[in-house]
Each structure stands twice: as structure tokens, then as C-alpha cells.
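The sequence and structure are shown first.

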Amino acid sequence: MTDERTPSDLFQERLKAARELRKWSQGELAGKASMPPSSIAHFEAGSRKPSFDTLRRLANALEVTTDY
């Protein structure tokens with residue numbers, strides 16, 4: 001059986017895991033990344049994909065690299 005996960009699936013999983021590891025709410029992460037909380041909810045649900053600038057802001061807020 002092959003791994004059917006896409007890069008988008010990995011992004012959703014890793015974003016939520018990194019946020020939960022820090023015990024932050026979606027709103028707290030949004031504040032640290034200077035974006036609306038609804039954006040974090042959309043990214044974690046997979047209904048929206050981040051721009052590179054947004055990805056960079058999320059990575060900086062979470063203190064991870066953009067390729068994570």
C-alpha cells in the first residue's frame with residue numbers, strides 16, 4: 001500500500017501538530033503570524049492553501065523552517 005498523502009495533507013497535519021505542541025489556539029497562532037484566526041482554521045481544514053508569504057509568517061511564528 002502506498003502513502004496517498006499529498007503535500008497539502010502534510011501541511012495541514014504539521015501545522016496543527018506544531019500549533020498543538022505549543023499549546024496555542026488557532027487564534028493565538030494567528031495573532032503571532034499577523035493574520036485572521038479564520039485563516040488558520042482554513043489551512044488546518046485544507047480548504048485554503050497559504051501563499052509563500054503566509055507560509056513564511058507561519059514558519060516564523062512557529063519557529064520552524066518553511067520546508068517543514
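How many nonpolar, polar and charged residues does the lining of the largest pocket have?

## Largest pocket

The model is predicted. By class, 13 nonpolar residues, five polar residues and four charged residues make up the lining of the largest pocket. In total, 22 residues line this pocket, and the space in it is about 340 Å³.

Phe11, Gln12, Leu55, Thr66 and Tyr68 are the lining residues that lie nearest the centre of the pocket. Helix 1 (7-21) and helix 4 (52-62) are the elements that give two or more residues to the lining. Helix 1 supplies the largest share, eight residues.

## Burial in helix 3

Helix 3 spans residues 37-45, and Ser39, Ile40, Phe43 and Glu44 are buried in it. These four lie on the same side of helix 3 because they cover an arc of only 130° around the axis. The cover over the buried residues of helix 3 includes helix 1, helix 2 and helix 4.

Gly46 follows helix 3, and its phi is positive, near 85°.

## Confidence

The protein has a mean pLDDT of 91, and 96% of its residues reach 70 or more. Confidence is highest in helix 2 (residues 26-32), at 97, and lowest in helix 1, at a mean of 91. Helix 1 is also the element with the largest share of the pocket lining.

Where pLDDT is low, the predicted coordinates should not be read in detail.

Methods: Residues are numbered from 1 along each chain as its sequence is written. This is a predicted model: local features need pLDDT of at least 70, side-chain atom pairs count only at pLDDT 80 or more; totals for chains, interfaces and linings use all residues. Side-chain values use heavy atoms; hydrogens and water are left out. On a 1 Å grid over the protein atoms alone, a cavity is a set of points where a 1.4 Å probe fits but cannot get out, and a pocket is an open set with protein on both sides within 12 Å along at least five of seven lines; lining residues have an atom within 4 Å of a point. Grid points are joined across faces, edges and corners, and a volume is the space filled by probe spheres set on the points. Ala, Val, Leu, Ile, Met, Phe, Trp, Tyr, Cys and Pro count as nonpolar, Asp, Glu, Lys and Arg as charged, and the others, Gly among them, as polar. pLDDT is the predictor's confidence in each residue, from 0 to 100. Buried means under 20% relative accessible area, exposed over 50%, partly exposed in between (1.4 Å probe, protein chains only). The arc is that of the directions from the helix axis to the C-beta atoms. Contact means heavy atoms within 4.5 Å.
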